[in-house]
Every structure is written in structure tokens, then in C-alpha cells.
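Hello,

Here is the structure we talked about. Please open it alongside this email; my notes follow below.

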Amino acid sequence: METVVSGIRSTGMLHLGNYFGAVKNFIKMQHDYNCFFFIADYHSLTTHPASADLHANVKQVLVEYLACGIDPGKSTIYIQSDLPETAELYLLLNMNAYTGELERSVTFKEKVKAQPDNVNAGLLTYPVLMAADILIHRAVKVPVGKDQQQHLEMARTFANRFNRMYKIELFPESFAFNFGTDLVKVPGLDGSGKMGKSEGEGNAIFLADSPDVIRKKVMRAVTDAGPTQPNQKKPEAIENIFSIMKLVSPDQTFRHFDDTYNNCTIRYGDMKKQLAEDIIAFTAPLREKILELSSDEKYIHRVATEGAAKARESARKTMSEARKAIGFLSF
Ligand code: TYM
């Protein structure tokens, strides 16, 4: 059975981008693969979260994984910092990750712009830690959204370099995976870019948002004065709303609004009302489950503890071979 690894940063609640870019695939893959899904709390440290918030954020993502249908009986669900082997592999991989290639990463360049006062070494080596997450279980498939593609290329580079350097076939090449043909990029509601936790207010719809909040966010989404020519190309902000509709609404609803756009009779107010209701219909059962699971401390504790034990078993095997290959031998 092929091994799969993926993770989500513990920087807050999951949004529709996380769901359609990653989690939807996690749920499907767990039936046919040996899956490890983790909560990336080491990675969240690049933005210096307050200690008091960290644990609550980790719990939120864990609960949301479970509410979405990741089954701890089928997949290994764990918290990244419960697996110190990851940190050790990260250290080893850092020795042959070069600053030049790390500085060229698109995400690093974006982060330098977004947080110029906090360009820490963790940000620069973020892709190395990601590679460690993947290689610690020797995974071959990594379900992620489009924004992670470059990181996966880097993980392959680091894996191959290690193998070559120590003349060993320890790490396989791992590839970004999506059940559709392409990796997914869910746009935000603010007219440009992708849906993201750290984008502006109102850009992202969270799985745990209440119906009222969802209606407000969708009704405020950026639109324009409407098409003036039949079949005219959609501007980015409009294309974005259609893309989200394609994910959550029935086909015929999407086609109806697409037709009205193409014959210039579209009323964006009606479209947004419909979109909000379709998002609510999609998220309501998840939200209910999130609320229900949040208070089940015993279950959460059991999932995290058992997940950590299973993940460590797999990680220890890899680390024992990696240490041997490097020449760390016991006396
Ligand atoms: P993070 O927490 O930013 O996002 C988690 C997952 O959600 C996907 N995603 C999206 N997909 C489509 N459209 C969007 N708007 C959108 N926003 C987020 C991301 O592609 C990702 O799959 N570095 C990772 C976490 C990580 C990881 C790993 C992933 C750490 N180690 C090892 C895979 C393997 C991150 O920050 O994801």
C-alpha cells in the first residue's frame, strides 16, 4: 500500500480552500492508502503565535479533521510536535539545502513581503521542514492545493540529494496529488488571489462560520457592473465567485447563472444569495459536527495519543536508517 502524508498549519480554522484543496482528498485517500495526516504546529511558529493560543489552534484543526470525516481508525492523525523525529530529520536535511535555492521559493518571497520585520530562518527553511514531514514516513503521494507544488519539487530535490550523498535508496520521490486532473486553487471573496487564513477580513469562508457570517461575507464579495456583451470573458472577481459556486452548488445552478452571465441578464445579488445558501448547506453538517466534537476532550485525547504512537513507530524506522547511512553508529 502506498504511503500518503499531508498536513495543515495550525494557524486557525479550516476554510473552503483547505477543504477543497486538501481535506477532500484526505477523506477519499484513506480507504486505499497508508495515510498520515498531521497538524503542522512547528510550521505555525514562523509567525510567533502566543503560547496561550497555540494549543487551542491545534485542537481546532484536529477537531475539524475529524468532523470532515478523517477516520482515526483508517488514517494516522497526529500533531507534528508529537513527532520529534521530524525535527531531527529537518536538521539533517538542512545540511544540504542551499540558501540560494531556499531564497528562490515563491512562498519565501511572499512572506518576506508580508512580514518584513520577521524574516526568520524558520521561514527560509520552511520547505525543508515540509520535506522532513513527508520523508519521515517515506510518502509517495502528498494531497495538497496548488500553492504547495513548488514545495513538493523541493522535497524531491532534498530526497534525491540525500540518497546520492549517502549512496542509499532511502527516500522515494513524492508528488503532489489530487483526485481531479489538476491541483486546486480556491479563490478568495475579495476579488483576487486565493482563499487564505492570513488574507484580508472576509476573504475566507471557514467551515465553522455561522450561516449569518457566511451570508454577510458572500454578499460583500467583490463584483462589478455586469457584462455588457454576450459571452464576454469574466473578470477575475466574477470568475472567482463562479469558481466557488462550481465547488458547492449543483451543476444546474452553476449553469443557470453562467447562462444568465452569457446573455447579460445576470443579477449578482441573486447569484450571491444562492451561493451563500449553497455554502451553508455544504458547511452546516460539518459545523454541527465541529461543535459536537469540540467538547469531547476524552476522544480528542485518545485520537492524538494513538496517532502520535503510530506516527512515531513509522518515523523511528526511517530515522534509524537515516542515522546509520550518515554514520551515526552506536558504540
Ligand atoms: P496550509 O495550512 O496553508 O494549507 C493546508 C492545505 O490547504 C491547501 N490550501 C488551498 N488549496 C486550494 N485553494 C486554496 N485557497 C488553499 N489554501 C490552502 C494547501 O495547499 C494545503 O494543502 N505548508 C503547508 C502545511 C504542511 C504540509 C507539510 C503539507 C506542512 N508540512 C507536508 C503537505 C506535506 C501549509 O502551510 O498549508
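How much area is buried between domain 1 and domain 2, and what share of it do carbon and sulfur atoms give? The model is a predicted one. In it, about 830 Å² is buried between the two domains. Carbon and sulfur atoms give 83% of that area.

First, the domains. The domain assignment puts residues 3-185 and 297-326 in domain 1. Domain 2 covers 208-291. Taken over C-alpha atoms, the domain centres are 32 Å apart. Nine residues of domain 1 take part in the contact, with 11 residues from domain 2. On the domain 1 side, Leu16, Phe20 and Ala67 lose the most area to domain 2. Together they account for 55% of what that side buries. How many salt bridges cross this interface? The rule finds zero.

Next, a helix pair. Helix H8 spans residues 126-135, and helix H9 spans residues 149-165. Their axes come within 9 Å and cross at roughly 70 degrees. Angles of 65 to 115 degrees count as roughly perpendicular, so H8 is roughly perpendicular to H9.

Which residues meet there? H8 brings Tyr126, Pro127, Val128, Met130, Ala131, Ile134 and Leu135. From H9 come His151, Leu152, Met154, Ala155, Phe158 and Ala159. By class, the residues of this contact are 12 nonpolar, one polar and no charged.

Best wishes

Terms used. Residues are numbered from 1 along each chain as its sequence is written. This is a predicted model: local features need pLDDT of at least 70, side-chain atom pairs count only at pLDDT 80 or more; totals for chains, interfaces and linings use all residues. Side-chain values use heavy atoms; hydrogens and water are left out. Axes are lines fitted to C-alpha atoms, for helices over the stretch in contact, and angles run from 0 to 180 degrees between N-to-C directions. Helices (H or I, at least four residues) and strands (E, at least two) are DSSP runs, numbered from the N terminus. Angles under 35 degrees count as roughly parallel, over 145 as roughly antiparallel, 65 to 115 as roughly perpendicular and the rest as oblique. Contact means heavy atoms within 4.5 Å. Ala, Val, Leu, Ile, Met, Phe, Trp, Tyr, Cys and Pro count as nonpolar, Asp, Glu, Lys and Arg as charged, and the others, Gly among them, as polar. Domain bounds come from an automatic or database domain assignment. Buried area is the accessible area (1.4 Å probe) that two parts lose on being put together, summed over both. A salt bridge is a side-chain nitrogen of Lys or Arg within 4 Å of a carboxyl oxygen of Asp or Glu.
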